[in-house]
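Welcome, and please get your viewer ready. This tour goes from one selection to the next and says what to look for at each stop.

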Amino acid sequence: MKKTILFKTLIDILFFCLCLTSISAFLVVPLGLGSINMDNQIAENWNLFSILIIGLSIISYALLIIGIYFLRKVARLMLNERYFQKNISLFLKKSGNYLIMSSIASILMLLIAFARKILFSQTIELLYDSDKVLILFILIIGFFFNIQASIIKQSISLKQENDLTI
């Protein structure tokens with residue numbers, strides 16, 4: 001039970017931090033308290049690649065928040081020790097799908113940024129970056145949640161079949 005409480009608490013902290021970050025970004029920039037710079041250029045000088053990168057970044061972040069939201073629902077059900085419910089399977093699958101979509105959007109963002117460097121820069125840098133590994137990790141976690149959702153769904157049907165057996 002203590003691990004479940006810790007899990008729920010950590011998921012809640014992550015969710016609220018992500019929400020707070022996105023809300024503050026959407027308040028700070030329009031009010032003129034801050035600006036968004038990309039490659040030391042102000043937003044008025046951005047090209048199509050820069051706009052696509054920012055758009056995909058926002059989409060990826062929003063999908064991540066939605067995925068974590070469904071994971072919060074799973075944690076809440078687990079806190080009540082309701083492990084064999086269809087809702088856990090459903091919310092795990094939704095969380096996994098949103099995490100996968102978030103990772104795919106992030107990968108597309110990285111590919112567009114790489115294409116921009118190829119087209120507009122003379123040098124190409126291939127560096128190890130932990131952000132790229134985290135995107136891959138979130139993709140793996142998304143697939144893992146989908147696998148767990150199908151396992152729980154099968155467990156629910158086996159439990160129901162077992163309950164009907166005399």
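At what angle do the axes of α2 and helix α3 (residues 86-120) cross, and within what distance do they come? Select the two helices: their axes cross at roughly 160 degrees and come within 8 Å. Keep in mind as you look that this is a predicted model.

**Stop 1: α2 with α3**

Angles over 145 degrees count as roughly antiparallel, so α2 and α3 are roughly antiparallel to each other. Their crossing is left-handed.

**Stop 2: α2 by itself**

Now hide the rest and keep residues 48-79, which make up helix α2. This helix has 32 residues. From its first C-alpha to its last, α2 reaches 46 Å, close to the 46 Å expected at 1.5 Å a residue. Following α2 comes Glu81; check its backbone, where phi is positive, near 55 degrees.

**Stop 3: back to α1**

Next, bring in residues 2-28, helix α1. How do α1 and α2 run relative to each other, roughly parallel or roughly antiparallel? The axes of the pair come within 9 Å and cross at roughly 155 degrees, and α1 and α2 are therefore roughly antiparallel. The crossing in which α1 passes α2 is left-handed. In the contact of α1 with α2, the classes are 19 nonpolar, three polar and four charged residues.

**Stop 4: on to α4**

Select α3 again, together with α4 (130-164). The axes of α3 and α4 are 8 Å apart, and the helices pack at an angle of about 160 degrees. That makes α3 and α4 roughly antiparallel to each other, therefore, and their crossing is left-handed. The contact of α3 with α4 divides into 15 nonpolar, nine polar and four charged residues.

**Stop 5: the largest pocket**

Which residues lie nearest the centre of the largest pocket? Select Met109, Leu110, Asp129, Asp131 and Lys132, the ones nearest the centre among the 25 residues of the lining. The space in this pocket is about 790 Å³.

Which helix gives the largest share of the lining? That is α3, with nine residues, while α2, α3 and α4 each supply at least two. Coloured by class, the lining of the largest pocket shows 13 nonpolar, five polar and seven charged residues.

Definitions and conventions
Residues are numbered from 1 along each chain as its sequence is written. This is a predicted model: local features need pLDDT of at least 70, side-chain atom pairs count only at pLDDT 80 or more; totals for chains, interfaces and linings use all residues. Side-chain values use heavy atoms; hydrogens and water are left out. Helices (H or I, at least four residues) and strands (E, at least two) are DSSP runs, numbered from the N terminus. The expected span of a helix is 1.5 Å times one less than its number of residues. Axes are lines fitted to C-alpha atoms, for helices over the stretch in contact, and angles run from 0 to 180 degrees between N-to-C directions. Angles under 35 degrees count as roughly parallel, over 145 as roughly antiparallel, 65 to 115 as roughly perpendicular and the rest as oblique. A crossing is left-handed if the near helix is turned anticlockwise from the far one by less than a right angle, and right-handed if clockwise. Ala, Val, Leu, Ile, Met, Phe, Trp, Tyr, Cys and Pro count as nonpolar, Asp, Glu, Lys and Arg as charged, and the others, Gly among them, as polar. On a 1 Å grid over the protein atoms alone, a cavity is a set of points where a 1.4 Å probe fits but cannot get out, and a pocket is an open set with protein on both sides within 12 Å along at least five of seven lines; lining residues have an atom within 4 Å of a point. Grid points are joined across faces, edges and corners, and a volume is the space filled by probe spheres set on the points.
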